[in-house]
Amino acid sequence: MTAYDTVESPDETTIFGYHDLTPPTLADVYEARSVVSRHLPRTPLVRSESLSAELDADVYLKREDTLPTGAFKVRGGINLCAGLDEEFREPGLIAASTGNHGQSVAYAGRAFDIPVLVAVPGDPNPDKVAAMERMGAEVHPVGRDYDDAREWAEERARTEGYRYVHSANEPALIAGVATAGLEVVEELPRVDTLFCPIGGGSSASGYCLTVGEMTDADVVGVQSANAPAMYHAWSEGHLRPRDDADTYAEGLQSRVPFALTTEILRDRLTEMVLVSDERIEAAVETMLLEEHLALEGAACASVAAALERGDELAGQTVVLQISGRNIAGEKLRAVLG
């Protein structure tokens with residue numbers, strides 16, 4: 001692990017069941033695909049006629065929203081659970097999530113018959129909570145935001161023997177979500193720029209390990225300006241937490257940057273940019289009206305960043321990760337209204 005000004009406690013590696021925080025390799029990603037492909041379908045990579053016309057570019061959408069949980073993270077959950085140590089199968093898994101990571105762990109837990117407990121913020125997306133419960137997970141609301149829920153889950157893991165599944169500091173999880181990047185390269189080997197939303201950074205790390213490694217593409221990460229913890233970690237080289245992360249895109253909500261993904265992104269990410277919540281919300285409306293896709297705010301961060309680039313992308317082949325479709329009903333009604 002790279003040394004930063006602030007890092008997680010060293011004993012987390014034994015308390016939470018981590019055995020290695022070495023960044024995964026491309027070989028690990030190919031190995032993960034042999035697992036993921038047995039449980040999940042490939043996702044479409046489709047040209048967006050509206051965005052291509054708007055940007056005067058060839059713009060493709062990597063439709064991770066078509067996965068069974070409606071979000072990319074399930075790739076990582078499947079890969080992690082497939083290799084879970086036997087000692088954790090009875091106590092089960094515990095995770096903290098604003099929704100999509102929790103759904104990933106719940107889905108994978110059900111697939112491998114492992115009990116799952118998910119801590120969520122005290123005012124969670126009710127649709128995501130319902131989805132986790134339908135998959136058999138126990139859901140526990142706690143605190144004001146994701147990081148409060150994370151601290152509660154970490155304490156339960158310490159005291160009750162669960163395998164804590166971190167949303168980013170998990171090599172197997174990153175290798176799993178990186179399998180999407182292999183699909184992009186195989187279908188579209190000549191990419192100029194790929195935009196990927198960043199919350200904890202697992203998906204962007206996966207694209208760096210694949211599209212960034214195997215092509216000449218620039219991989220650009222996108223965070224909400226209201227939740228810029230990873231942006232500052234990436235640009236300044238530290239893991240200092242922020243005071244708040246109050247963003248419209250709850251999938252990007254984290255006050256604390258994570259060591260493993262920060263290490264990968266600082267080494268491999270071309271650029272990270274911030275977009276306003278207003279731009280993200282406008283992109284949600286754009287995708288609904290122009291593409292007839294109901295997407296959550298986090299998924300539209302990549303769209304917002306590309307639209308901000310305007311003429312800079314003209315003539316390029318551009319891929320936008322569409323990370324998830326799990327928009328809260330009240331937000332969807334607001335867009336429709």
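Contact here means heavy atoms within 4.5 Å. In this predicted model, local features need pLDDT of at least 70 and side-chain atom pairs count only at pLDDT 80 or more, while totals for chains, interfaces and linings use all residues. Residues are numbered from 1 along each chain as its sequence is written, and side-chain values use heavy atoms, with hydrogens and water left out.

Leaving aside residues up to four places away in sequence, Gln-223 touches Ile-198, Gly-199, Pro-228, Ala-229, Met-230, Tyr-231, Leu-252, Met-272, Val-273, Leu-274 and Val-275. Gln-223 belongs to strand β8 (residues 218-224); strands (E, at least two residues) and helices (H or I, at least four) are DSSP runs, numbered from the N terminus. With a relative accessible area of 1%, Gln-223 is buried (buried is under 20%, exposed over 50%, partly exposed in between; 1.4 Å probe, protein chains only). The side chain of Gln-223 reaches the backbone oxygen of Ile-198 at 3.2 Å, and a polar atom of that side chain lies 3.2 Å from the backbone nitrogen of Met-230.

Two charged residues lie over ring faces. For this, NZ of Lys or CZ of Arg must be within 6 Å of the ring centre and within 35 degrees of the ring normal.

| Charged residue | Ring | Distance from ring centre |
|---|---|---|
| Arg-156 | Trp-152 | 5.0 Å |
| Lys-331 | Tyr-248 | 4.6 Å |

Most residues other than glycine have a negative phi. Asp-56, however, has a positive phi near 55 degrees; Asp-56 lies in the loop between α3 (49-55) and β2 (58-63) and is exposed, at 54% relative accessible area. His-292 has a positive phi of about 60 degrees. His-292 sits in the loop between α14 (277-291) and α15 (301-309) and is exposed, with a relative accessible area of 65%.

Terms used
A polar contact is a pair of N or O atoms within 3.5 Å; within protein, one must be able to donate a hydrogen and the other to accept it, and residues adjacent in sequence count only if both atoms are side-chain atoms.
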